[in-house]
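Colleague: Thanks for making time for this. Could you walk me through the fold, starting from the overall layout and working down to single residues?

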Amino acid sequence: MEGRFVGIDLAKRTMEVCIVTEGVEKIERHGLKTDTKGRETLCRLLRKSDKIAVEVCGFANSLVRQINREVGCRVYILNPGKLQMIWRSTKKTDKEDSLKLARFIQRNPEEELPEVPLVSEKEEAMRSLVSMEQFLTKNRVAA
């Protein structure tokens, strides 16, 4: 079976998924919502042997946990500040970004990827509380 490399570009309500299959010219693209149905559809598209790249963002950790639980494939959470090939691009679209993420993990050895560790659910909840506290403090001061 050929290796598949998947790039996922996340936004608040949507995600662009690009699947690059090694040795095959065709590239699969899927535009999905980040809601429950969209995440379930994504998990059905994926195979256990896939290697997936996603940029770190608030939603990435919960999506990666779901992929790990339901599919079991390798997911790399990448630091966008160290992905020069995307930031320097003149063609900046979600579809292009997802393709570049897939190609990036296809062409680079695992040990050279600018990976960010997966945050635990407890840590994520604590971060959410700190963000809410900062938001409420800012609003109180403004009032």
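Colleague: What pattern does the protein chain follow when read along the sequence?

Modeller: Happy to start there, and please keep in mind that this is a predicted model. The secondary structure of the protein chain comes to five helices and five strands. Read along the sequence, these elements give the pattern β-β-β-α-β-α-β-α-α-α.

Colleague: And what does the C-alpha trace of the protein chain span along its principal axes?

Modeller: Let me put burial and contacts beside that. Of the 143 residues in the protein chain, 38% are buried. Among contacts between residues at least 6 apart in sequence, 55% join residues at least 24 apart. Along the principal axes, the C-alpha trace spans about 60 × 35 × 30 Å.

Colleague: Which residues touch the most other members of the largest nonpolar core?

Modeller: In soluble globular proteins, nonpolar side chains tend to be buried together. Here the largest nonpolar core has 20 residues, and the members that touch the most others are I8, L42 and I67.

Colleague: Which element supplies the largest share of this core?

Modeller: At least two core residues come from each of strand 1 (4–10), strand 2 (14–21), helix 1 (36–45), strand 4 (51–55), helix 2 (60–70) and strand 5 (74–78). The largest share is four residues, and these come from helix 2.

Colleague: How many residues are in the other core, the one that lies apart from it?

Modeller: Among the members of that other core are L78, F104, I105 and L113. Its residues number nine.

Colleague: Back to I8: which residues is it in contact with, leaving aside neighbours within four places in sequence?

Modeller: I8 is one of the residues that touch the most other members of the largest core. Its contacts include two others of that kind, L42 and I67.

Colleague: Is the crossing left-handed or right-handed, and which residues make the contact?

Modeller: Helix 1 passes helix 2 in a right-handed crossing. The residues of the contact divide into four nonpolar, one polar and three charged. They are R39, E40, L42 and C43 of helix 1, with L63, Q66, I67 and E70 of helix 2.

Colleague: Is F5 buried or exposed, and how far is it from A102 in space?

Modeller: F5 is found in strand 1. Its relative accessible area is 8%, and a residue under 20% counts as buried, so F5 is buried. Beyond residues up to four places away in sequence, F5 touches C18, I19, V20, E22, K51, A102, I105 and Q106. F5 and A102 are 97 residues apart in sequence, while from C-alpha to C-alpha the distance is 5.2 Å.

Colleague: Why does T34 count as buried?

Modeller: T34 has its place in the loop between strand 3 (27–33) and helix 1. Not counting residues up to four places away in sequence, T34 touches L10, A11, K12, R13, T14, M15, R39 and F59. The cut-off for buried is under 20%. T34 counts as buried because its relative accessibility is 10%.

Colleague: Last one: how far apart in space are R47 and G72?

Modeller: R47 sits in the loop between helix 1 and strand 4. At 35% relative accessibility, R47 counts as partly exposed. R47 and G72 are 25 residues apart in sequence, and their C-alpha to C-alpha distance is 8.2 Å.

Conventions. Residues numbered from 1 in each chain as written. Predicted model: local features only at pLDDT ≥ 70, side-chain atom pairs only at ≥ 80, totals over all residues. Heavy atoms only, no water. Core = buried A, V, L, I, M, F, W, Y, C linked by side-chain atoms within 4.5 Å. Buried < 20%, exposed > 50% of the residue type's maximum accessible area, 1.4 Å probe, protein only. Contact = heavy atoms within 4.5 Å. Left-handed = near helix turned anticlockwise from the far one by under 90°. Nonpolar A, V, L, I, M, F, W, Y, C, P; charged D, E, K, R; others polar.
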